[in-house]
Amino acid sequence: MVEMKWKITLILLIAGIIAFTSGRANSAARGSMDVVLVMDSSGSMKKTDPHFLRIPAAKLFISLLDKNDRASVVSFSDEGYPIIYLTPVDSEQNRDRLFKAAERISSNGLYTNLYGALEKGLAVLEKNKKADTTRIIIFMSDGMMDVGNSEDDARLLNRIKDE
């Protein structure tokens, strides 16, 4: 069952990347993008992504960005931790820095604070925001809220839905 889950996750991620890249043909007309890859580093990912497929998926996504775009990688477990802030994807050196940031994602965290992760992703997008830039969060997680208290889990999930 777990193996099937990660295969489905991979298929959905690839489908998302294909849909994303299909709109890239008119990239000059659409303007630039700021993208934050918010990636789950909690222990539950050992079961739901045992082969760390979220890392090559993130790297593939980054490789498809244009030189006018910026990207960031945020790792999360108990809260969000930016590994690299918004970085222009305008050189091989910057692309490599973003790839190395994605490679730092682990499955060692104790908790899965989805709210804290989204909050940090939004904060990264707000910092140094540029006018006329599309802002996107790509969220890679097994989606299981766990901050160590079921009441807090429910409260934070409701905040995600409400906000």
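This is a predicted model: local features need pLDDT of at least 70, side-chain atom pairs count only at pLDDT 80 or more; totals for chains, interfaces and linings use all residues.
1. The model contains an open sheet of 4 strands, ordered 3-2-1-4, in which the pairing is mixed. Strand 3 (80–88) and strand 4 (133–140) form the edges, each of them pairing on one side only. From one strand to the next, the twist averages 15 degrees.

2. The parallel pairing. Strand 1 (residues 32–40) and strand 4 run parallel and are joined by 8 bridges. Within this pairing, D34 has R135 of strand 4 as its bridge partner.

3. The antiparallel pairing. Strand 2 and strand 3 run antiparallel, with 6 bridges between them. S75 is placed opposite Y81, the latter lying in strand 3. In general terms, the strands of a sheet pair through backbone hydrogen bonds, in either a parallel or an antiparallel manner.

4. Helix 4 against helix 5. Two packed helices are described by the angle between their axes and the distance between the axes. For helix 4 (residues 54–63) and helix 5 (residues 92–103), the axes come within 9 Å and cross at roughly 160 degrees. Helix 4 is therefore roughly antiparallel to helix 5. Their crossing is right-handed. On the side of helix 4, the contact is made by I55, A58, K59, I62 and S63, while helix 5 contributes R95, L98, F99, A102 and E103. By class, the residues of this contact comprise 6 nonpolar, 1 polar and 3 charged.

5. Helix 6 against helix 7. Helix 6 and helix 7 (residues 150–162) pack at an angle of about 40 degrees, and their axes are 9 Å apart. From helix 6, L114, Y115 and L118 meet L156, L157, R159 and I160 of helix 7. This contact has 6 nonpolar residues and 1 charged residue, with no polar ones.

6. The aromatic pair. How many aromatic pairs does a search of the whole structure find? The search finds 1. The pair consists of F76 and F139 and is stacked, with 5.4 Å from centre to centre and 15 degrees between the planes. F76 belongs to strand 2 and F139 to strand 4, and the two are 63 residues apart, so that the pair links distant parts of the chain.

Definitions and conventions
Residues are numbered from 1 along each chain as its sequence is written. Side-chain values use heavy atoms; hydrogens and water are left out. Axes are lines fitted to C-alpha atoms, for helices over the stretch in contact, and angles run from 0 to 180 degrees between N-to-C directions. Angles under 35 degrees count as roughly parallel, over 145 as roughly antiparallel, 65 to 115 as roughly perpendicular and the rest as oblique. A crossing is left-handed if the near helix is turned anticlockwise from the far one by less than a right angle, and right-handed if clockwise. Contact means heavy atoms within 4.5 Å. Ala, Val, Leu, Ile, Met, Phe, Trp, Tyr, Cys and Pro count as nonpolar, Asp, Glu, Lys and Arg as charged, and the others, Gly among them, as polar. Two strands pair if DSSP finds at least two bridges between them. Rings of Phe, Tyr and Trp (its six-membered ring) pair if their centres lie within 6.5 Å; planes under 30 degrees apart count as stacked, over 60 as edge-to-face and the rest as tilted.
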